[in-house]
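Me: Could you walk through a structure with me? I would like to go through a few local sites, the pocket and the aromatic rings.

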Amino acid sequence: MSVRYLVTIIVLVSCLSWVSSCRKDFEVDASNGDLQFSKDTVFLDTVFTNIGSSTYSLKVLNRSGKDIEIPSIRLQDGDNSKYRLNVEGVAGNSFVNVPLYARDSLYIFIETTYDIAPDNLTEFLYIDDLLFDSGANEQRIPLVTLVKDAVFLYPSTLANGSKESLLLGLDEQGNELRIEGFILTDDELNITNEKPYVIYGYAAVSAGKTLSIQEGARLHFHKDSGILVGSGGSIKILGSASDDPVLLDKEVIFEGDRLEPEFSDVPGQWGTLWLAPGSVENEISYLTLKNATIGILAEGNPGASSPTLRIRNSQVYNSTLVNLWARNTSITAENLILGNSGSHSLYCNLGGTYSFIHTTIANYWSNSFRTGTALKLDSYEIDNSGNPSGADLLKADFINCIIDGNTSRELTLLSTAEFDFNFLFSHVLLKFVDTGGQFTSNPLYDFADTSMYDTVLLNTAVNFLDAVDNDFRINPNSSAAGIGDLDAALLVPFDLLGRERNTSPAVGAYQPEL
(Lines give C-alpha, C1' and ligand atoms only; values in the text may rest on other atoms or scores of the structure.)
Protein backbone atom coordinates (compact mmCIF):
# COMPACT_ATOMS: atom_id res chain seq x y z
CA MET A 1 0.00 0.00 0.00
CA SER A 2 1.54 3.35 -1.12
CA VAL A 3 2.02 6.35 1.16
CA ARG A 4 -0.14 8.43 -1.23
CA TYR A 5 -3.01 5.92 -0.79
CA LEU A 6 -2.73 6.07 3.02
CA VAL A 7 -2.76 9.89 2.95
CA THR A 8 -5.88 9.83 0.76
CA ILE A 9 -7.70 7.56 3.26
CA ILE A 10 -6.70 9.78 6.20
CA VAL A 11 -7.95 12.88 4.38
CA LEU A 12 -11.31 11.22 3.56
CA VAL A 13 -11.81 10.08 7.17
CA SER A 14 -10.94 13.54 8.42
CA CYS A 15 -13.47 15.10 6.05
CA LEU A 16 -16.20 12.68 7.15
CA SER A 17 -15.41 13.40 10.80
CA TRP A 18 -15.59 17.14 10.11
CA VAL A 19 -18.94 16.80 8.38
CA SER A 20 -20.26 14.70 11.26
CA SER A 21 -19.03 17.15 13.89
CA CYS A 22 -20.58 20.06 12.03
CA ARG A 23 -23.96 18.32 12.32
CA LYS A 24 -24.05 19.36 15.96
CA ASP A 25 -24.56 22.95 14.84
CA PHE A 26 -27.48 22.20 12.52
CA GLU A 27 -29.93 24.94 11.64
CA VAL A 28 -33.22 24.47 13.44
CA ASP A 29 -36.74 25.79 13.72
CA ALA A 30 -38.39 26.24 17.09
CA SER A 31 -41.03 23.62 17.77
CA ASN A 32 -44.52 24.92 17.17
CA GLY A 33 -46.55 22.65 19.43
CA ASP A 34 -46.80 19.67 17.12
CA LEU A 35 -44.60 17.23 19.06
CA GLN A 36 -46.01 13.74 19.33
CA PHE A 37 -45.64 11.38 22.28
CA SER A 38 -45.64 7.63 22.93
CA LYS A 39 -48.35 8.06 25.57
CA ASP A 40 -50.70 10.85 26.62
CA THR A 41 -50.25 10.19 30.35
CA VAL A 42 -47.37 8.56 32.22
CA PHE A 43 -48.72 6.36 35.00
CA LEU A 44 -45.98 5.43 37.47
CA ASP A 45 -48.33 2.89 39.04
CA THR A 46 -48.27 2.47 42.83
CA VAL A 47 -45.39 3.10 45.22
CA PHE A 48 -44.97 3.09 48.97
CA THR A 49 -44.24 6.33 50.74
CA ASN A 50 -40.54 7.26 50.66
CA ILE A 51 -39.71 4.30 48.39
CA GLY A 52 -38.45 5.18 44.94
CA SER A 53 -40.45 4.10 41.93
CA SER A 54 -39.23 2.16 38.95
CA THR A 55 -38.00 4.19 35.98
CA TYR A 56 -40.63 4.95 33.35
CA SER A 57 -40.05 6.34 29.87
CA LEU A 58 -41.75 8.76 27.51
CA LYS A 59 -40.79 8.91 23.85
CA VAL A 60 -40.97 12.36 22.20
CA LEU A 61 -41.26 12.29 18.39
CA ASN A 62 -40.61 14.88 15.70
CA ARG A 63 -42.50 13.57 12.67
CA SER A 64 -41.85 16.68 10.60
CA GLY A 65 -39.23 16.94 7.88
CA LYS A 66 -37.44 19.74 9.71
CA ASP A 67 -34.83 19.76 12.47
CA ILE A 68 -36.33 21.50 15.48
CA GLU A 69 -35.37 22.79 18.89
CA ILE A 70 -37.68 22.41 21.88
CA PRO A 71 -37.38 25.72 23.78
CA SER A 72 -38.07 24.12 27.15
CA ILE A 73 -38.88 20.81 28.83
CA ARG A 74 -39.81 21.22 32.47
CA LEU A 75 -41.94 20.03 35.37
CA GLN A 76 -44.83 22.29 36.23
CA ASP A 77 -43.95 22.22 39.94
CA GLY A 78 -40.33 23.00 39.12
CA ASP A 79 -37.88 22.40 41.93
CA ASN A 80 -40.75 21.53 44.26
CA SER A 81 -41.76 18.54 42.15
CA LYS A 82 -41.23 15.05 43.56
CA TYR A 83 -40.67 13.70 40.06
CA ARG A 84 -37.19 13.37 38.59
CA LEU A 85 -36.31 13.61 34.90
CA ASN A 86 -33.51 12.41 32.70
CA VAL A 87 -33.49 13.76 29.14
CA GLU A 88 -31.10 12.02 26.77
CA GLY A 89 -28.78 11.08 29.62
CA VAL A 90 -28.89 14.40 31.49
CA ALA A 91 -30.64 14.58 34.88
CA GLY A 92 -32.65 17.59 36.00
CA ASN A 93 -36.09 19.17 36.36
CA SER A 94 -35.79 21.76 33.59
CA PHE A 95 -34.11 21.77 30.16
CA VAL A 96 -33.85 24.46 27.48
CA ASN A 97 -33.21 24.43 23.73
CA VAL A 98 -33.30 20.67 23.34
CA PRO A 99 -32.54 19.70 19.70
CA LEU A 100 -34.56 17.05 17.90
CA TYR A 101 -33.71 16.01 14.33
CA ALA A 102 -36.30 15.61 11.60
CA ARG A 103 -38.24 12.33 11.85
CA ASP A 104 -36.31 11.45 15.00
CA SER A 105 -37.15 10.97 18.65
CA LEU A 106 -35.74 11.38 22.14
CA TYR A 107 -36.44 9.60 25.43
CA ILE A 108 -37.35 11.13 28.76
CA PHE A 109 -36.98 8.90 31.82
CA ILE A 110 -39.11 9.61 34.87
CA GLU A 111 -38.95 8.53 38.52
CA THR A 112 -40.52 9.67 41.77
CA THR A 113 -40.22 9.38 45.55
CA TYR A 114 -42.95 10.88 47.71
CA ASP A 115 -43.43 11.19 51.48
CA ILE A 116 -47.12 10.89 52.28
CA ALA A 117 -46.73 11.51 56.04
CA PRO A 118 -47.25 15.33 56.00
CA ASP A 119 -50.56 14.85 54.18
CA ASN A 120 -51.87 12.51 56.94
CA LEU A 121 -53.44 10.21 54.35
CA THR A 122 -53.22 6.46 53.76
CA GLU A 123 -53.32 6.95 49.99
CA PHE A 124 -52.56 9.95 47.82
CA LEU A 125 -52.74 10.46 44.07
CA TYR A 126 -49.69 12.56 43.24
CA ILE A 127 -49.93 14.43 39.93
CA ASP A 128 -47.60 16.82 38.14
CA ASP A 129 -47.34 17.86 34.48
CA LEU A 130 -44.40 17.57 32.12
CA LEU A 131 -44.44 20.73 30.00
CA PHE A 132 -43.00 21.23 26.52
CA ASP A 133 -42.53 24.84 25.34
CA SER A 134 -44.83 27.58 26.66
CA GLY A 135 -47.59 29.96 25.67
CA ALA A 136 -49.64 29.01 22.62
CA ASN A 137 -47.22 26.21 21.71
CA GLU A 138 -47.25 24.57 25.14
CA GLN A 139 -47.90 20.82 25.27
CA ARG A 140 -48.27 18.84 28.47
CA ILE A 141 -48.14 15.22 29.58
CA PRO A 142 -49.63 14.40 33.03
CA LEU A 143 -47.53 12.31 35.43
CA VAL A 144 -49.62 10.23 37.84
CA THR A 145 -48.56 8.11 40.82
CA LEU A 146 -50.61 6.47 43.58
CA VAL A 147 -48.66 6.71 46.83
CA LYS A 148 -49.56 4.42 49.71
CA ASP A 149 -48.72 4.91 53.33
CA ALA A 150 -47.32 1.85 55.07
CA VAL A 151 -45.85 0.55 58.31
CA PHE A 152 -42.15 -0.15 57.80
CA LEU A 153 -40.38 -2.79 59.91
CA TYR A 154 -36.63 -3.10 59.55
CA PRO A 155 -33.41 -3.93 61.42
CA SER A 156 -31.65 -1.08 63.18
CA THR A 157 -28.22 0.19 62.16
CA LEU A 158 -25.54 -0.58 64.74
CA ALA A 159 -22.80 1.78 65.91
CA ASN A 160 -20.28 0.17 63.54
CA GLY A 161 -22.55 0.82 60.56
CA SER A 162 -23.69 -2.78 60.15
CA LYS A 163 -27.32 -3.92 60.28
CA GLU A 164 -28.91 -5.77 63.17
CA SER A 165 -28.83 -9.53 62.58
CA LEU A 166 -30.22 -12.79 63.94
CA LEU A 167 -28.07 -15.71 65.08
CA LEU A 168 -29.14 -18.94 63.38
CA GLY A 169 -26.44 -21.22 64.80
CA LEU A 170 -22.87 -22.27 64.08
CA ASP A 171 -21.32 -23.89 61.04
CA GLU A 172 -19.03 -26.94 61.14
CA GLN A 173 -16.05 -24.70 61.91
CA GLY A 174 -17.81 -22.98 64.81
CA ASN A 175 -18.48 -19.74 62.95
CA GLU A 176 -21.73 -17.90 63.59
CA LEU A 177 -24.44 -18.13 60.95
CA ARG A 178 -26.45 -14.92 60.80
CA ILE A 179 -29.08 -13.27 58.65
CA GLU A 180 -30.05 -9.63 58.58
CA GLY A 181 -33.09 -9.24 60.80
CA PHE A 182 -34.62 -8.13 64.09
CA ILE A 183 -36.86 -9.40 66.89
CA LEU A 184 -40.40 -8.05 66.82
CA THR A 185 -41.32 -6.04 69.90
CA ASP A 186 -44.59 -6.59 71.73
CA ASP A 187 -46.27 -3.64 70.00
CA GLU A 188 -45.29 -5.08 66.60
CA LEU A 189 -46.84 -8.51 67.19
CA ASN A 190 -50.36 -7.58 66.05
CA ILE A 191 -50.52 -6.77 62.35
CA THR A 192 -53.77 -5.17 61.19
CA ASN A 193 -55.32 -4.23 57.85
CA GLU A 194 -55.22 -0.47 58.48
CA LYS A 195 -52.07 -0.01 56.40
CA PRO A 196 -49.81 -2.30 54.36
CA TYR A 197 -46.66 -3.52 56.10
CA VAL A 198 -43.27 -3.40 54.38
CA ILE A 199 -40.60 -5.63 55.93
CA TYR A 200 -36.84 -5.38 55.44
CA GLY A 201 -34.74 -8.28 56.70
CA TYR A 202 -36.26 -11.11 58.73
CA ALA A 203 -38.86 -10.17 61.34
CA ALA A 204 -38.40 -12.71 64.14
CA VAL A 205 -40.92 -14.03 66.67
CA SER A 206 -39.15 -14.97 69.90
CA ALA A 207 -39.93 -17.68 72.45
CA GLY A 208 -43.24 -17.30 74.24
CA LYS A 209 -44.52 -14.73 71.74
CA THR A 210 -47.22 -15.01 69.08
CA LEU A 211 -47.41 -12.95 65.90
CA SER A 212 -51.07 -12.37 65.00
CA ILE A 213 -51.97 -11.20 61.51
CA GLN A 214 -55.55 -10.02 61.11
CA GLU A 215 -57.87 -10.56 58.14
CA GLY A 216 -57.27 -8.29 55.16
CA ALA A 217 -53.65 -7.58 56.15
CA ARG A 218 -51.11 -6.99 53.37
CA LEU A 219 -47.45 -7.79 54.03
CA HIS A 220 -44.80 -6.82 51.49
CA PHE A 221 -41.27 -8.14 51.80
CA HIS A 222 -38.10 -6.63 50.41
CA LYS A 223 -35.51 -8.80 48.69
CA ASP A 224 -34.02 -11.45 51.02
CA SER A 225 -36.57 -10.67 53.71
CA GLY A 226 -39.27 -12.66 55.45
CA ILE A 227 -40.65 -13.84 58.80
CA LEU A 228 -38.77 -16.18 61.15
CA VAL A 229 -40.77 -17.89 63.89
CA GLY A 230 -38.20 -19.07 66.40
CA SER A 231 -38.25 -21.89 68.95
CA GLY A 232 -41.13 -21.42 71.37
CA GLY A 233 -42.76 -18.79 69.16
CA SER A 234 -45.85 -19.08 66.98
CA ILE A 235 -47.70 -17.31 64.19
CA LYS A 236 -51.45 -17.03 63.69
CA ILE A 237 -52.57 -15.84 60.25
CA LEU A 238 -56.26 -15.09 60.68
CA GLY A 239 -57.63 -14.40 57.23
CA SER A 240 -61.22 -15.21 56.31
CA ALA A 241 -63.33 -15.82 53.22
CA SER A 242 -63.39 -12.74 50.98
CA ASP A 243 -66.52 -11.02 49.73
CA ASP A 244 -64.71 -10.27 46.47
CA PRO A 245 -62.82 -13.30 45.03
CA VAL A 246 -60.72 -10.99 42.85
CA LEU A 247 -59.70 -8.38 45.42
CA LEU A 248 -59.35 -10.99 48.20
CA ASP A 249 -60.39 -8.27 50.62
CA LYS A 250 -60.42 -10.44 53.75
CA GLU A 251 -57.57 -12.77 52.92
CA VAL A 252 -54.05 -12.11 54.13
CA ILE A 253 -51.54 -11.60 51.32
CA PHE A 254 -47.75 -12.04 51.46
CA GLU A 255 -45.81 -10.78 48.44
CA GLY A 256 -42.85 -8.62 47.39
CA ASP A 257 -42.61 -4.86 47.85
CA ARG A 258 -42.62 -3.97 44.15
CA LEU A 259 -46.16 -2.85 43.35
CA GLU A 260 -45.76 -2.26 39.62
CA PRO A 261 -47.90 -4.60 37.49
CA GLU A 262 -44.86 -6.09 35.75
CA PHE A 263 -43.73 -7.49 39.14
CA SER A 264 -47.06 -9.10 40.04
CA ASP A 265 -45.91 -12.58 38.95
CA VAL A 266 -42.12 -12.40 39.22
CA PRO A 267 -40.85 -15.27 41.45
CA GLY A 268 -38.08 -14.95 44.01
CA GLN A 269 -38.76 -11.36 45.08
CA TRP A 270 -38.38 -12.16 48.80
CA GLY A 271 -37.25 -14.91 51.15
CA THR A 272 -39.63 -17.15 53.10
CA LEU A 273 -42.02 -17.65 55.98
CA TRP A 274 -39.72 -19.74 58.17
CA LEU A 275 -41.15 -21.90 60.96
CA ALA A 276 -37.94 -22.89 62.72
CA PRO A 277 -37.47 -26.05 64.82
CA GLY A 278 -39.30 -25.63 68.12
CA SER A 279 -41.90 -23.19 66.85
CA VAL A 280 -45.32 -24.31 68.06
CA GLU A 281 -48.99 -24.28 67.13
CA ASN A 282 -48.60 -22.24 63.97
CA GLU A 283 -51.95 -21.68 62.24
CA ILE A 284 -52.67 -20.25 58.80
CA SER A 285 -56.13 -19.49 57.40
CA TYR A 286 -56.94 -17.78 54.12
CA LEU A 287 -53.41 -16.78 53.15
CA THR A 288 -52.23 -16.09 49.61
CA LEU A 289 -48.43 -16.25 49.54
CA LYS A 290 -46.65 -15.66 46.24
CA ASN A 291 -43.37 -14.79 44.54
CA ALA A 292 -41.06 -15.97 47.34
CA THR A 293 -37.85 -17.96 47.11
CA ILE A 294 -39.29 -20.67 49.39
CA GLY A 295 -42.94 -20.06 50.24
CA ILE A 296 -43.12 -21.73 53.65
CA LEU A 297 -40.22 -23.57 55.32
CA ALA A 298 -41.43 -25.65 58.28
CA GLU A 299 -38.98 -27.63 60.43
CA GLY A 300 -38.98 -29.93 63.44
CA ASN A 301 -41.41 -31.41 65.99
CA PRO A 302 -42.55 -34.39 63.88
CA GLY A 303 -44.12 -36.32 66.76
CA ALA A 304 -45.63 -33.41 68.68
CA SER A 305 -49.17 -33.80 70.01
CA SER A 306 -50.17 -30.68 68.10
CA PRO A 307 -48.91 -30.14 64.53
CA THR A 308 -46.18 -27.62 63.90
CA LEU A 309 -48.45 -26.12 61.22
CA ARG A 310 -52.17 -26.20 60.53
CA ILE A 311 -52.94 -24.58 57.20
CA ARG A 312 -56.31 -24.30 55.48
CA ASN A 313 -58.03 -22.34 52.74
CA SER A 314 -54.74 -20.96 51.45
CA GLN A 315 -52.65 -20.67 48.30
CA VAL A 316 -48.87 -20.74 47.91
CA TYR A 317 -47.43 -20.34 44.45
CA ASN A 318 -44.75 -18.91 42.18
CA SER A 319 -41.80 -19.69 44.46
CA THR A 320 -38.38 -19.95 42.87
CA LEU A 321 -37.57 -23.20 44.70
CA VAL A 322 -40.36 -24.82 46.75
CA ASN A 323 -43.81 -23.62 47.78
CA LEU A 324 -44.03 -25.68 51.00
CA TRP A 325 -40.86 -27.32 52.25
CA ALA A 326 -41.47 -29.52 55.28
CA ARG A 327 -38.32 -30.87 56.99
CA ASN A 328 -39.02 -33.60 59.55
CA THR A 329 -42.05 -31.78 60.89
CA SER A 330 -45.80 -32.22 61.29
CA ILE A 331 -48.44 -30.53 59.12
CA THR A 332 -52.17 -30.85 58.66
CA ALA A 333 -53.68 -29.14 55.62
CA GLU A 334 -57.08 -28.76 54.00
CA ASN A 335 -58.33 -26.73 51.04
CA LEU A 336 -54.74 -25.89 50.12
CA ILE A 337 -53.35 -24.87 46.73
CA LEU A 338 -49.65 -25.52 46.19
CA GLY A 339 -49.12 -24.23 42.68
CA ASN A 340 -46.29 -23.48 40.30
CA SER A 341 -42.69 -23.38 41.53
CA GLY A 342 -39.20 -23.79 40.16
CA SER A 343 -38.71 -27.20 41.78
CA HIS A 344 -41.32 -28.89 44.00
CA SER A 345 -44.78 -27.61 44.85
CA LEU A 346 -44.60 -29.70 48.05
CA TYR A 347 -41.46 -31.29 49.48
CA CYS A 348 -41.85 -33.48 52.59
CA ASN A 349 -38.21 -33.96 53.47
CA LEU A 350 -36.41 -36.14 56.07
CA GLY A 351 -39.51 -37.83 57.37
CA GLY A 352 -42.26 -36.36 59.52
CA THR A 353 -46.02 -36.56 59.95
CA TYR A 354 -48.37 -35.14 57.33
CA SER A 355 -52.06 -35.08 56.50
CA PHE A 356 -53.36 -33.34 53.36
CA ILE A 357 -57.10 -33.36 52.59
CA HIS A 358 -58.61 -31.65 49.53
CA THR A 359 -55.26 -30.25 48.47
CA THR A 360 -54.27 -29.35 44.92
CA ILE A 361 -50.57 -29.95 44.30
CA ALA A 362 -50.02 -28.87 40.71
CA ASN A 363 -46.92 -27.53 39.04
CA TYR A 364 -47.13 -25.94 35.59
CA TRP A 365 -44.01 -23.80 36.02
CA SER A 366 -43.09 -21.99 32.79
CA ASN A 367 -40.46 -19.45 33.88
CA SER A 368 -37.51 -21.78 33.32
CA PHE A 369 -36.54 -25.46 33.30
CA ARG A 370 -38.13 -27.15 36.31
CA THR A 371 -35.84 -29.37 38.40
CA GLY A 372 -38.32 -31.37 40.50
CA THR A 373 -41.69 -33.13 40.56
CA ALA A 374 -44.82 -31.49 41.95
CA LEU A 375 -44.62 -33.73 45.06
CA LYS A 376 -41.56 -35.28 46.65
CA LEU A 377 -41.44 -37.44 49.78
CA ASP A 378 -38.20 -38.70 51.30
CA SER A 379 -36.87 -39.92 54.62
CA TYR A 380 -33.14 -39.34 54.25
CA GLU A 381 -30.26 -37.39 52.77
CA ILE A 382 -26.69 -38.56 52.16
CA ASP A 383 -24.30 -36.89 54.60
CA ASN A 384 -20.71 -35.84 53.95
CA SER A 385 -19.50 -39.35 54.83
CA GLY A 386 -21.76 -40.94 52.23
CA ASN A 387 -24.17 -42.38 54.82
CA PRO A 388 -27.93 -41.86 54.95
CA SER A 389 -29.06 -39.32 57.53
CA GLY A 390 -32.73 -38.76 58.20
CA ALA A 391 -35.80 -39.81 60.17
CA ASP A 392 -38.94 -41.92 59.95
CA LEU A 393 -41.77 -40.83 57.69
CA LEU A 394 -44.38 -41.62 60.31
CA LYS A 395 -47.35 -40.71 58.14
CA ALA A 396 -48.01 -38.95 54.84
CA ASP A 397 -51.70 -39.14 53.95
CA PHE A 398 -53.11 -37.55 50.81
CA ILE A 399 -56.90 -37.83 50.68
CA ASN A 400 -59.12 -36.31 47.98
CA CYS A 401 -56.10 -34.61 46.43
CA ILE A 402 -54.76 -33.71 42.98
CA ILE A 403 -51.09 -34.24 42.09
CA ASP A 404 -50.49 -32.93 38.60
CA GLY A 405 -48.20 -30.84 36.42
CA ASN A 406 -46.68 -30.27 33.01
CA THR A 407 -44.08 -33.06 33.16
CA SER A 408 -44.73 -36.75 32.63
CA ARG A 409 -44.05 -37.77 36.23
CA GLU A 410 -45.12 -35.60 39.17
CA LEU A 411 -44.34 -37.85 42.16
CA THR A 412 -40.94 -38.74 43.69
CA LEU A 413 -40.56 -41.22 46.57
CA LEU A 414 -37.18 -41.92 48.17
CA SER A 415 -36.76 -44.28 51.11
CA THR A 416 -34.08 -46.34 52.78
CA ALA A 417 -34.24 -49.39 55.05
CA GLU A 418 -32.91 -47.39 57.99
CA PHE A 419 -36.12 -45.34 58.33
CA ASP A 420 -39.83 -46.09 58.20
CA PHE A 421 -41.65 -44.83 55.15
CA ASN A 422 -45.43 -44.73 55.59
CA PHE A 423 -47.69 -43.05 53.05
CA LEU A 424 -51.20 -43.33 51.64
CA PHE A 425 -52.85 -41.87 48.55
CA SER A 426 -56.62 -42.26 48.79
CA HIS A 427 -59.04 -40.92 46.16
CA VAL A 428 -56.27 -39.07 44.40
CA LEU A 429 -55.85 -37.93 40.82
CA LEU A 430 -52.15 -38.53 40.07
CA LYS A 431 -49.98 -37.88 37.05
CA PHE A 432 -47.27 -40.52 36.74
CA VAL A 433 -46.25 -41.73 33.28
CA ASP A 434 -43.40 -44.24 33.50
CA THR A 435 -42.39 -43.94 29.86
CA GLY A 436 -39.19 -45.97 30.14
CA GLY A 437 -40.47 -48.53 32.62
CA GLN A 438 -37.75 -47.57 35.10
CA PHE A 439 -40.12 -47.75 38.10
CA THR A 440 -41.83 -51.04 37.23
CA SER A 441 -39.87 -53.06 39.80
CA ASN A 442 -39.89 -50.36 42.51
CA PRO A 443 -42.44 -51.40 45.16
CA LEU A 444 -43.00 -47.78 46.19
CA TYR A 445 -44.74 -47.23 42.86
CA ASP A 446 -46.95 -50.34 42.92
CA PHE A 447 -50.21 -48.57 42.18
CA ALA A 448 -52.11 -51.84 42.60
CA ASP A 449 -51.13 -52.02 46.29
CA THR A 450 -54.20 -50.66 48.07
CA SER A 451 -52.28 -50.23 51.33
CA MET A 452 -50.50 -47.35 49.62
CA TYR A 453 -52.79 -46.43 46.72
CA ASP A 454 -56.52 -46.64 47.41
CA THR A 455 -58.69 -45.44 44.52
CA VAL A 456 -56.05 -43.56 42.55
CA LEU A 457 -56.88 -42.25 39.08
CA LEU A 458 -53.73 -42.13 36.95
CA ASN A 459 -52.88 -39.81 34.07
CA THR A 460 -56.17 -38.18 33.21
CA ALA A 461 -56.54 -34.53 32.24
CA VAL A 462 -57.65 -32.28 35.09
CA ASN A 463 -58.52 -29.34 32.81
CA PHE A 464 -57.72 -26.50 35.18
CA LEU A 465 -59.06 -23.12 34.11
CA ASP A 466 -55.56 -21.63 33.72
CA ALA A 467 -52.85 -23.67 35.39
CA VAL A 468 -49.96 -21.63 33.96
CA ASP A 469 -51.43 -18.58 35.69
CA ASN A 470 -52.05 -20.50 38.95
CA ASP A 471 -55.81 -20.65 38.47
CA PHE A 472 -56.54 -24.20 39.60
CA ARG A 473 -60.31 -24.08 39.54
CA ILE A 474 -61.91 -26.91 37.57
CA ASN A 475 -64.90 -27.16 35.25
CA PRO A 476 -67.70 -29.78 35.43
CA ASN A 477 -66.02 -31.87 32.72
CA SER A 478 -62.80 -32.23 34.71
CA SER A 479 -61.69 -35.74 35.58
CA ALA A 480 -61.34 -34.47 39.15
CA ALA A 481 -65.08 -33.84 39.47
CA GLY A 482 -67.18 -36.26 41.51
CA ILE A 483 -64.46 -38.78 42.37
CA GLY A 484 -63.75 -37.73 45.97
CA ASP A 485 -64.50 -39.82 49.03
CA LEU A 486 -67.68 -38.42 50.61
CA ASP A 487 -66.75 -39.28 54.20
CA ALA A 488 -63.47 -37.35 53.85
CA ALA A 489 -65.24 -34.50 52.06
CA LEU A 490 -67.66 -34.07 54.95
CA LEU A 491 -64.67 -33.38 57.20
CA VAL A 492 -64.01 -30.35 54.97
CA PRO A 493 -67.59 -29.57 53.87
CA PHE A 494 -66.85 -26.37 51.92
CA ASP A 495 -64.28 -25.76 49.21
CA LEU A 496 -61.82 -22.87 48.99
CA LEU A 497 -64.57 -20.62 47.62
CA GLY A 498 -67.18 -21.68 50.17
CA ARG A 499 -69.10 -24.09 47.92
CA GLU A 500 -70.61 -27.20 49.51
CA ARG A 501 -69.14 -30.68 49.08
CA ASN A 502 -72.05 -32.62 50.57
CA THR A 503 -72.73 -34.48 47.31
CA SER A 504 -70.41 -35.65 44.49
CA PRO A 505 -67.26 -34.10 45.94
CA ALA A 506 -64.40 -33.33 43.59
CA VAL A 507 -60.81 -33.99 44.56
CA GLY A 508 -58.56 -31.01 45.14
CA ALA A 509 -59.32 -27.68 46.74
CA TYR A 510 -62.20 -26.66 44.45
CA GLN A 511 -65.60 -27.93 43.50
CA PRO A 512 -66.29 -27.50 39.74
CA GLU A 513 -67.20 -24.13 38.26
CA LEU A 514 -70.86 -24.13 37.23
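**A loop glycine, and onwards**

Reply: Gly-33 is found in the loop between β1 (29-30) and β2 (36-37), and, since we begin there, please keep in mind that this is a predicted model.

Me: Okay, which residues is Gly-33 in contact with, leaving aside its neighbours within four places in sequence?

Reply: With those neighbours left aside, Gly-33 contacts Asn-137 and Gln-139. The C-alpha atoms of Gly-33 and Gln-139 are separated by 6.3 Å, although the two residues are 106 residues apart along the chain.

Me: And how much relative accessible area does Gly-33 have?

Reply: Gly-33 has a relative accessible area of 26%, and because buried means under 20% and exposed over 50%, this glycine is classed as partly exposed.

Me: Switching to backbone angles, what is the phi of Tyr-286, and where is Tyr-286 placed?

Reply: Phi of Tyr-286 is positive, about 50°, although Tyr-286 is not a glycine. Its place is in the loop between β24 (282-285) and β25, and with a relative accessible area of 13% Tyr-286 is buried.

Me: What about His-427, what is its phi near, and is His-427 buried or exposed?

Reply: His-427, a residue other than glycine, also has a positive phi, near 50°. His-427 lies in strand β35, which covers residues 424-430, and His-427 is buried, with a relative accessible area of 15%.

Me: Now Ser-345, please: which strand is it in, and what does its side chain reach?

Reply: Ser-345 belongs to strand β29, residues 344-363, and its side chain reaches the backbone oxygen of Gly-339 at 2.7 Å. The relative accessibility of Ser-345 is 0%, so this serine counts as buried.

Me: What does Ser-345 touch, not counting residues up to four places away in sequence?

Reply: With those residues not counted, Ser-345 touches Val-322, Asn-323, Leu-324, Leu-338, Gly-339, Ile-361, Ala-362, Asn-363, Thr-373 and Ala-374.

Me: On to the largest pocket, how much space lies in it, and which residues are closest to its centre?

Reply: The largest pocket holds about 1400 Å³ of space. It is lined by 49 residues, and the closest to its centre are Arg-218, Val-246, Leu-247, Leu-248 and Ile-253. Elements that give two or more residues to this lining are β3 (42-48), β19 (218-221), β22 (252-256), β25 (287-290), β27 (309-317) and β38 (471-474).

Me: How does that lining divide by class?

Reply: By class, the lining of the largest pocket has 18 nonpolar, 17 charged and 14 polar residues.

Me: Last topic, the rings: how many aromatic pairs does the count come to?

Reply: The count comes to 23 aromatic pairs. In one of them, the ring centres of Tyr-107 and Phe-109 are 6.1 Å apart with planes at 15°, so the pair is stacked. Tyr-107 is partly exposed at a relative accessible area of 35%, and Phe-109 is partly exposed at 34%.

Me: And why is the pair of Phe-421 and Phe-423 edge-to-face?

Reply: The planes of Phe-421 and Phe-423 stand at 70°, with the ring centres 5.7 Å apart, and because planes over 60 degrees apart count as edge-to-face, the pair gets that label. Phe-421 and Phe-423 are both buried. They also belong to one aromatic cluster, formed by Phe-356, Phe-398, Phe-421, Phe-423, Phe-425, Phe-432, Phe-439, Tyr-445, Phe-447 and Tyr-453.

Methods
Residues are numbered from 1 along each chain as its sequence is written. This is a predicted model: local features need pLDDT of at least 70, side-chain atom pairs count only at pLDDT 80 or more; totals for chains, interfaces and linings use all residues. Side-chain values use heavy atoms; hydrogens and water are left out. Helices (H or I, at least four residues) and strands (E, at least two) are DSSP runs, numbered from the N terminus. Buried means under 20% relative accessible area, exposed over 50%, partly exposed in between (1.4 Å probe, protein chains only). A polar contact is a pair of N or O atoms within 3.5 Å; within protein, one must be able to donate a hydrogen and the other to accept it, and residues adjacent in sequence count only if both atoms are side-chain atoms. Contact means heavy atoms within 4.5 Å. On a 1 Å grid over the protein atoms alone, a cavity is a set of points where a 1.4 Å probe fits but cannot get out, and a pocket is an open set with protein on both sides within 12 Å along at least five of seven lines; lining residues have an atom within 4 Å of a point. Grid points are joined across faces, edges and corners, and a volume is the space filled by probe spheres set on the points. Ala, Val, Leu, Ile, Met, Phe, Trp, Tyr, Cys and Pro count as nonpolar, Asp, Glu, Lys and Arg as charged, and the others, Gly among them, as polar. Rings of Phe, Tyr and Trp (its six-membered ring) pair if their centres lie within 6.5 Å; planes under 30 degrees apart count as stacked, over 60 as edge-to-face and the rest as tilted.
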